[in-house]
Amino acid sequence: MPPCCPPRRISWLVFLALSWGAHAQESTVVLGEVTVSSVETGSLPTRSILTSVDVMGAERVKDKNVMNSWELIGQMPGVQLTEFRLGAESGKPSFRAFNGEGYINGIKLLIDGVPSNINSGNMRYLDMVFPLDMEYVEVVRGTNDPRYGLHNIGGNINVATRQGGNYADGRLTYGSFDTRELQVALGRESGGFAQNYFFAKQDADGYREHSSSEKYSFGGKWFYTSEDGRLKTGVMARLYEHEAEEAGYLTEAELRADRFQSPEKNAHDQDYRNMKQLSGHLDYRISPTLNYSSKLYYNRISDDRHVTYNGASSNSARQRRIWEEEQRGWMNTLTWQPGAQLTIDGGFNYEHQGNRYRRYRYAQAVPTDFSTPASVSNDDSYELDNFGAYIQAIIKPAEHWKIVPAFRVDRFWGDTRLHTNGATASLQDYGWIEQPKLSVVYSPSPALSIYGNWGRTFQILTGSRSPAYLLPGTRTYKPSINTGVELGTKLRLTDSSEARIAIWQQDATDEVANLPSADATQALGETRRKGVDLQFTTRLSDKLKLWASHSIQEARVTGGTAASGTSLAGKEVFSTPRYISNLGLEYQANAQLRLNLQGRAQGKYYIDDQNAKGKYGGYVLFDAGLSYALSRSLGLDLQLKNMFDRKYEYVWYDTIWSTPQAMYSPGAGRAFYASLNFHM
């Protein structure tokens with residue numbers, strides 16, 4: 001079947017998509033209210049991407065108590081949360097049947113439009129942003145967004161923080177596990193100059209033994225807007241530090257004996273993490289029809305982690321991992337709108353990474369203070385450079401039609417040096433990676449849109465050594481090309497009820513499960529991901545709102561072999577649940593009192609590539625909250641998490657043991673939090 005005809009390959013997928021809070025010729029769903037205080041720039045907004053786009057406003061996040069900000073994104077439709085919950089290495093969100101294990105990082109993260117994945121694709125920078133500083137969160141699912149290349153395999157997440165405005169907000173929280181948190185946000189705007197500041201400090205003993213955590217985050221934003229509004233320019237800066245103990249994974253026997261214990265072998269496991277972000281932003285309206293946007297950015301992360309895995313081999317269980325990564329990048333966009341029927345948008349980006357990774361191994365009998373390394377298994381410096389460019393046109397040939405053709409190309413190069421033996425090598429030569437895309441929407445009425453899109457994205461290998469770099473004996477890899485298709489409709493059922501149903505499929509060639517931190521690489525070969533997303537929201541009365549989503553998904557290997565040589569064809573990709581569900585209810589009893597209830601469910605998943613070790617990891621959890629306005633400037637929030645005290649775990653398959661087995665990281669039990677909110 002030619003790639004131009006992918007809908008016939010998914011006969012069981014019939015794709016409706018229903019959206020609320022968006023224009024007739026858009027496919028965006030808005031969850032809650034989104035108020036953007038900053039001046040809108042000339043760049044095309046995310047809602048112009050004709051795919052499953054969800055936007056979650058500040059009202060859904062600012063009153064939530066979470067240990068890590070990635071937990072907030074779990075409220076959004078179709079989002080899977082992978083919850084390691086081991087100190088600073090806590091977890092991350094993913095979607096479109098890409099799991100968050102770290103082997104296949106398929107989601108691009110941006111913070112205020114600045115790329116924020118580390119080299120492997122993990123989302124550690126997301127921890128820098130706290131709820132009170134969030135303006136909204138955008139999730140773009142699918143393969144037809146041409147704006148980004150690296151890590152944008154299944155879509156992207158953009159976390160936008162508060163800009164401009166005049167406010168002074170604070171939130172003081174105390175809760176279970178001796179959790180103490182302070183958040184302060186300040187905004188001042190006058191005469192075209194806006195300044196915003198944010199500070200957060202969080203300390204907790206943790207719900208498991210040996211799991212205390214201390215973190216703080218500070219941010220500042222300074223922007224100038226010209227009197228005529230044609231120019232907006234400014235600087236953003238963030239600093240984050242986190243020191244945390246790691247409780248370690250449990251065997252099944254340990255979990256049954258005491259699910260909140262920390263084994264003795266993990267007594268000295270800990271992590272110290274420091275992250276910085278600095279970015280310069282420029283938006284300039286050259287003429288009434290031409291707009292230019294540019295971002296310069298610098299990201300830096302330093303991470304020193306002591307971690308002990310289970311195992312019987314002499315030098316594989318105890319490790320110290322030290323990451324130092326820097327990114328410097330430049331993003332440019334030019335948007336031309338000569339008339340209402342045509343908009344042309346294009347740009348380019350360049351990013352340079354200078355990274356170093358060191359890993360020390362210790363014998364099982366070495367004291368757990370890790371005083372003397374037994375061996376140095378990694379000491380690598382490596383560079384990765386990326387140049388990418390795209391162009392897209394938004395064409396409106398008739399009143400009810402919108403057509404968006406797009407094209408993107410990316411090129412990568414770099415080198416690595418292994419300090420242990422002096423070996424050097426160049427990055428795999430992927431050539432120019434071409435990514436054509438096409439989106440169409442038909443809107444016969446303001447209440448109904450029918451849309452479809454087709455596009456290609458890619459995966460390349462990352463890390464400091466083989467197989468990302470061509471060291472002696474390394475096999476060559478082609479880029480994994482993902483071809484995705486989505487069909488849908490969005491529709492307003494009544495004045496107060498809206499919905500979206502989405503059907504999608506994504507096929508990959510030459511997919512590789514790659515975990516750079518463990519030098520673990522497995523060529524999966526051809527894979528197919530497919531699913532159905534259903535979303536619904538309604539206002540039952542002036543006081544009562546209800547929303548729900550249910551995503552059915554599947555990820556299978558269609559052609560490939562395991563490391564042992566056994567065929568993987570027909571096997572499900574490990575750690576990918578078959579469904580993800582969300583439910584929410586909000587009741588505004590009166591002007592002072594608001595009640596809310598939220599539920600989240602996730603299906604079980606296989607933990608091994610052969611699907612032979614059973615399914616784990618499913619759960620159904622409910623949280624409840626109460627907000628009461630004591631005065632115009634003072635409010636009280638009460639939150640009950642995991643209200644039914646359900647037992648649930650993150651589970652992975654540990655092959656280090658002489659007899660491999662499932663390993664568990666239990667989730668928290670019932671927890672209660674109280675917060676005082678201040679607003680001036």
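Visitor: Does W652 count as buried or exposed?
Guide: The relative accessibility of W652 is 18%. This is a predicted model in which local features need pLDDT of at least 70 and side-chain atom pairs count only at pLDDT 80 or more, while totals for chains, interfaces and linings use all residues. Residues are numbered from 1 along each chain as its sequence is written, and side-chain values use heavy atoms, without hydrogens and water. Because buried means under 20% relative accessible area, exposed over 50% and partly exposed in between (1.4 Å probe, protein chains only), W652 counts as buried.

Visitor: What is the angle between the planes of Y249 and W652?
Guide: Rings of Phe, Tyr and Trp (its six-membered ring) pair if their centres lie within 6.5 Å; planes under 30 degrees apart are stacked, over 60 edge-to-face, the rest tilted. The count comes to 20 aromatic pairs. Y249 and W652 form a tilted pair, 5.3 Å centre to centre, with planes at 55°.

Visitor: How many residues apart in sequence are the parts that this pair ties together?
Guide: Helices (H or I, at least four residues) and strands (E, at least two) are DSSP runs numbered from the N terminus. Y249 lies in the loop between β13 (231-245) and α2 (252-257), and W652 in strand β34 (649-654), so the separation is 403 residues.

Visitor: Which residues form one aromatic cluster with Y249 and W652?
Guide: Y249 is buried, with a relative accessible area of 8%. The cluster holds Y249 and W652 together with F84, Y309 and Y650.
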